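Here is a short report on one protein model. Read it with the structure open.

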Amino acid sequence: MTALLEPFRHGTMAGVTIIACAAALTTLLIVWLRPWLIRYAMARPNARSSHTKPTPQGGGIAVIAAFLVAANVSLSVAGLWSADMMSGMVAVSAATILIAVLGAIDDIRPIDVIPRLLFQVLAVAIVIATLPVDFQMTPFLPWWIERILLVLAGVWFVNLVNFMDGLDWMTVAEFVPLTGGLVLLGAFGALPPYAVVCALALLGALIGFAPFNRPVARLFLGDVGSLPLGLVAGWLLALLANKGHLAAAILLPLYYLMDATITLFRRLARGERVWQAHRSHFYQRATDNGFTVRQVIAHVFILNIVLTGLAALCVQANTPASEITALVTGTLIVGLLLMRFSRKQT
């Protein structure tokens with residue numbers, strides 16, 4: 001039996017198997033759930049929407065369910081369970097389900113801002129509590145202050161992933177390279193094996209969702225998918241930072257970080273209610289400026305491949321100079337794309 005499990009533990013075939021199983025499970029769940037979603041979870045177009053026809057949302061139910069099943073089963077089959085890991089994965093899975101349920105309710109009947117934030121804080125705090133006891137990115141701060149800052153950063157990351165999920169294939173263009181990048185960096189030893197398995201499962205689940213969300217989308221992810229996706233991705237990025245690769249952990253989601261954060265501050269400066277839906281993100285303005293959906297997605301996808309390459313260079317070189325150079329380069333490249341999205345197509 002041990003010999004049979006060796007390829008699963010260490011080989012490329014193991015990764016392909018996890019991706020394929022997660023993708024297949026997502027597809028099967030979507031086919032099964034879609035009639036119910038059409039009946040109960042239709043997203044109606046409005047002035048802030050990027051779609052023009054009523055479209056079912058809630059595909060995230062399938063994505064998150066497939067991820068949880070594929071990740072936990074794969075960890076068990078691969079023999080990667082330990083007592084500490086089991087408690088950690090149970091906590092992460094519980095937090096993921098909690099925030100997915102919150103998103104599902106919000107998809108059907110919007111929840112007030114304060115209760116929504118409180119549940120998000122609870123889910124993020126549960127995940128932060130699972131981080132290694134020696135986790136500390138800022139040695140100059142007391143650990144408890146850093147934990148509070150991590151919770152706040154986690155809540156922002158969860159919300160920005162939700163905010164950025166406003167265009168067909170946008171989440172796919174962002175998170176397929178991001179999760180693929182985590183798998184690549186895991187192969188370099190930048191992530192613990194259980195985190196690589198989770199990244200593979202999430203990658204596969206997103207690939208299974210992609211055909212249903214391609215422009216023009218037949219299904220949206222919904223808050224039930226985008227909120228837990230941000231939670232799990234943030235957890236994996238924190239584990240990457242814990243291995244001494246903070247620059248890589250920033251580079252992988254840098255497009256989302258810059259688009260959402262710059263947009264937030266611009267809206268705050270204008271005195272807008274930042275918790276309300278809008279069309280101010282750079283990718284949304286790009287479609288208003290003459291870019292097609294496919295052009296926007298192609299730009300974002302290619303950019304994220306470049307950012308993944310920069311993150312890999314950081315991990316391989318593992319020097320302060322390489323990290324600063326990669327961060328500056330990545331910031332400049334993302335900034336150029338944001339400027340391009342802000343200008344009218346000629």
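The largest nonpolar core holds 103 residues, and Trp 235 and Tyr 255 touch the most other members. A nonpolar core here is a set of buried Ala, Val, Leu, Ile, Met, Phe, Trp, Tyr and Cys residues joined through side-chain atoms within 4.5 Å. Helix α8 (residues 193–213) gives the most to this core, with 13 residues. Helices (H or I, at least four residues) and strands (E, at least two) are DSSP runs, numbered from the N terminus. Trp 235 touches Met 89, Val 92, Val 127, Thr 130, Leu 131, Tyr 194 and Cys 198, residues up to four places away in sequence not counted. Contact means heavy atoms within 4.5 Å. In soluble globular proteins, nonpolar side chains tend to be buried together.

**Model and confidence**

This is a predicted model: local features need pLDDT of at least 70, side-chain atom pairs count only at pLDDT 80 or more, and totals for chains, interfaces and linings use all residues. Residues are numbered from 1 along each chain as its sequence is written, and side-chain values use heavy atoms, with hydrogens and water left out. pLDDT is the predictor's confidence in each residue, from 0 to 100. The protein chain has a mean pLDDT of 90, and 92% of its residues reach 70 or more. Confidence is highest in helix α13 (residues 293–317), at a mean of 97, and lowest in helix α1 (residues 2–10), at 43. Over residues 1–9 the pLDDT is below 50; this stretch has eleven contacts in the model beyond near neighbours in sequence.

**The salt bridge**

How many salt bridges does the structure hold? There is one. The side chains of Asp 106 and Arg 116 form a salt bridge, at 3.7 Å from N to O. Asp 106 belongs to helix α4 (residues 83–108) and Arg 116 to helix α5 (residues 113–129), so the pair ties together parts that are ten residues apart in sequence. The term covers a side-chain nitrogen of Lys or Arg within 4 Å of a carboxyl oxygen of Asp or Glu. Side chains of opposite charge can pair when their charged atoms come close. Asp 106 is buried, at 11% relative accessible area. Arg 116 is buried too, at 16%. Buried means under 20% relative accessible area, exposed over 50%, and partly exposed in between (1.4 Å probe, protein chains only).

**A nonpolar surface patch**

Trp 143, Trp 144, Ile 148, Leu 149 and Leu 152 form a nonpolar patch on the surface, with about 590 Å² of accessible area together. Patches are made of residues with over 30% relative accessible area and no salt bridge; like charges are joined within 9 Å, nonpolar side chains (Val, Leu, Ile, Met, Phe, Trp, Tyr) within 5 Å. Areas come from the Shrake-Rupley method with a 1.4 Å probe; for residues, only the protein chains shown count as cover. Leu 149 sits in helix α6 (residues 143–164). Its relative accessibility is 44%, so Leu 149 counts as partly exposed.

**Backbone exceptions**

Most residues other than glycine have a negative phi, and most peptide bonds are trans. Trp 169 is not a glycine, yet has a positive phi of about 70 degrees. Trp 169 lies in the loop between α6 and α7 (170–187) and is partly exposed, at 24%. Asn 318, also not a glycine, has a positive phi of about 55 degrees. Asn 318 is found in the loop between α13 and α14 (320–342) and is partly exposed, at 44%. A cis peptide bond joins Pro 215 and Val 216, with omega about -5 degrees. Val 216 is in the loop between α8 and α9 (223–242).

Arg 294, in helix α13, brings two of these residues together in one list. Beyond four places in sequence, Arg 294 is in contact with Trp 169 and Pro 215. Arg 294 is partly exposed, at 48% relative accessibility.

**Separations in sequence and space**The table gives C-alpha to C-alpha distances.

| Pair | Apart in sequence | Apart in space |
|---|---|---|
| Thr 55 and Asp 165 | 110 residues | 14 Å |
| Thr 27 and Ala 210 | 183 residues | 9.4 Å |
| Arg 294 and Gly 244 | 50 residues | 36 Å |

Thr 55 is found in strand β2 (residues 55–56). Is Thr 55 buried or exposed? Thr 55 is buried, at 6% relative accessible area. Its contacts beyond four places in sequence include Ala 41, Met 42, Ala 217 and Phe 220. Thr 27 lies in helix α2 (residues 12–40) and is partly exposed, at 29%. Beyond four places in sequence, Thr 27 is in contact with Gly 208 and Phe 212.
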